[in-house]
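The entries below follow the order in which I checked things.

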Amino acid sequence: MEKKKAEALTLLHTNDIHSHFEQAARIAGYFRRTRAAVPAERLLAIDCGDFLDRARIETEGTRGLANRAMLEYLAYDAVTLGNNEGLTFTKPQLDALYEAAPFRVVCANLTDSASGERPAWMKPAAVVEKAGWRIGLIGLTAPFNDFYEPLGWRASDPFREAARWVPKLRRQADVVIVLSHLGLRSDERLAAEIQGIDVILGAHTHHLLEEPLSIGGTVVCAAGKHGHHLGVLSLSRREDGGLAVAGGCIATEGLAPDPEFAALTVRQSERAARAMSGTIAVLEQPLETAIDREAPLGNLLAIGVRKATGAEIGLVNAGQLLDGLPAGPVTERDVHAICPSPINPCAIRLTGAQLRRALEESLLPEFIGLEFQGFGFRGKQLGTLCVDGLEWTVDESQPPMRRVADVRVGGEPLEDEREYRVGTLDMFTFGVGYVGLKEGVVERYLLPEFIRDVLAERLNDAAAVADCRRPRRRGAAPRQDG
């Protein structure tokens with residue numbers, strides 16, 4: 001039988017939406033209008049991961065099912081896993097999220113660490129027939145094994161898996177597309193090293209390629225972050241038989257949102273609010289927070305992280321807490337609102353000198369007011385350090401980086417050469433924030449617990465709530481002249 005002649009194919013792609021449902025509504029409007037103009041057999045829709053983010057109540061309160069509804073509404077043909085999906089949900093939660101999905105989930109470098117198998121809802125690759133083309137799809141995700149292994153996953157080397165699967169797909173397909181949640185530098189390396197890839201659709205590092213890059217015979221694309229752009233490509237066959245890829249990214253600002261999608265989001269938000277409305281603690285007194293000084297709620301989080309990790313010292317940045325808690329009932333929604341970052345506790349080893357440096361840095365305005373996003377952080381500013389298991393004296397009359405006058409751990413003077421076991425936050429180990437902390441040696445990450453889970457547990461610990469009001473940081477006594 002004669003092979004059907006390939007027609008032009010429209011490819012829509014998104015990445016790193018991170019539960020920005022408002023922008024997703026604009027994307028949904030564009031998808032709807034495109035589908036009205038382009039026959040289904042000539043349209044392919046792809047998402048490259050991090051479509052959800054547990055900083056949003058819709059995601060947290062529905063355990064991601066609001067995002068599953070989003071994927072279904074947008075009618076993607078295939079998706080891959082981002083780290084926000086793979087690392088912020090347990091295996092049973094991922095089963096509930098993806099089971100019987102009407103779209104393909106492709107990821108070639110993630111398997112169960114015990115069995116070496118993939119769950120039934122995940123395939124390493126797939127071949128889709130559209131517009132007379134056989135299109136091979138392979139998914140790859142960032143191999144954060146220090147985090148995946150405690151959750152029971154094994155993330156293998158994505159380049160090795162690409163070298164294994166691309167030739168297989170090449171034999172079956174006219175076009176090979178990689179759904180990459182690896183980041184731009186890795187996408188460039190894939191294009192340069194792995195022969196046979198036609199198109200890489202990128203994600204993870206939130207890079208925006210308004211026009212695709214051409215590396216060898218591979219076209220590299222990406223649509224930024226948070227749904228502010230979407231990718232629109234046209235694939236066609238050149239006269240010489242080669243593949244022609246045209247298009248790039250368009251801004252979603254100004255696009256009309258899909259009203260039905262917006263209504264769906266409202267319903268999911270209401271559902272989430274109800275699910276998170278139960279009382280989890282009752283406070284007799286308010287717990288305050290502050291960005292630039294020690295405060296009870298920050299101390300309570302430090303107590304919780306120290307206890308969770310079994311460490312000598314607990315260190316957290318005040319910017320994790322967006323507000324304090326009033327006296328009275330506290331709900332799950334309240335805790336989520338003030339501590340939205342999907343960040344895990346971790347245990348590290350630091351020398352006394354590294355600890356001292358971090359404490360000095362936490363007194364500097366450039367660290368306290370540091371604004372950034374990413375690495376799990378969903379706050380606004382870094383903030384100073386709040387501590388437990390450690391008392392320190394600050395002499396404001398001294399120059400910067402010489403203001404920590406005295407440090408005691410368990411009542412004993414800090415020893416610069418000694419190593420201390422410190423409970424802190426995973427984001428510090430990624431090289432962001434205090435220099436003194438990112439030099440530490442990681443012992444282990446605690447998953448699946450988030451720091452808000454740790455905080456919620458301590459809200460019911462009467463001794464910890466009382467102790468968090470005790471000052472850990474004191475000013476030096478005024479000097480006496482003559």
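Predicted model: local features only at pLDDT ≥ 70, side-chain atom pairs only at ≥ 80, totals over all residues.

**Entry: helix α12**

I asked how many of the 10 residues of α12 are buried. The count came to 7 for this helix, which spans residues 352-361, so α12 is largely enclosed by the rest of the structure. I wrote down the buried ones: Gly352, Gln354, Leu355, Ala358, Leu359, Glu360 and Glu361.

**Entry: the sheet with β20 and β21**

Next I looked up the open sheet of 4 strands, ordered β22-β21-β20-β25, and found mixed pairing. The edges are β22 (412-413) and β25 (473-475); each has a single partner strand, so one side of each lacks a neighbour in the sheet. I then checked β21 (residues 404-409) against β22 and found them antiparallel, joined by 2 bridges. Arg408 sits opposite Pro413 of β22. This sheet is also where α12 packs, touching β20 (390-394) and β21. The direction of α12 makes about 130° with that of β21.

I turned to β10, residues 199-202, and asked which way its side chains point. Val199 and Leu201 point one way, Ile200 and Gly202 the other, and all of them are buried.

On pairing, I found β9 (residues 175-181) running parallel to β10 over 3 bridges. Val178 has Ile200 in β10 as its bridge partner. With helix α8 (residues 184-193), β9 and β10 make a β-α-β unit, and I noted the hand as right-handed. β10 is also joined to β12 (residues 218-223) by 4 bridges, again in the parallel sense. There, Val199 stands opposite Val219 of β12.

I went through the loop between β1 (9-14) and α1 (21-37), where Asp16 is placed. Asp16 is not a glycine, yet its phi is positive, about 55°. Is Asp16 buried or exposed? I get a relative accessible area of 0%, so Asp16 is buried.

Ser19 lies in the loop between β1 and α1 as well. Its phi is near 60°, a positive value in a residue other than glycine. Ser19 also counts as buried, at 0% relative accessibility.

Then I looked up a cis peptide bond and found one joining Leu447 and Pro448, with omega about 10°. Pro448 belongs to the loop between β24 (441-445) and α15 (451-459).

**Entry: nonpolar cores**

Last, I asked which residues have the most contacts inside the largest nonpolar core. They are Met70, Tyr98, Leu300, Trp392 and Leu459, in a core of 101 residues. Helix α1 gives the largest share of this core, 7 residues.

I followed up on Tyr98, leaving aside neighbours within four places in sequence. Its contacts are Phe51, Arg68, Val79, Leu81, Glu85, Phe103, Val105 and Trp121. I also logged a second, separate core of 24 residues, with Val128, Ile135, Ala203 and Leu233 among them.

Note on methods: Residues numbered from 1 in each chain as written. Heavy atoms only, no water. Buried < 20%, exposed > 50% of the residue type's maximum accessible area, 1.4 Å probe, protein only. Pairing = 2+ DSSP bridges. Right-handed = clockwise from strand over helix to strand, strands pointing away. Contact = heavy atoms within 4.5 Å. Axes fitted to C-alpha atoms, helices over the stretch in contact; angles between N-to-C directions. Core = buried A, V, L, I, M, F, W, Y, C linked by side-chain atoms within 4.5 Å.
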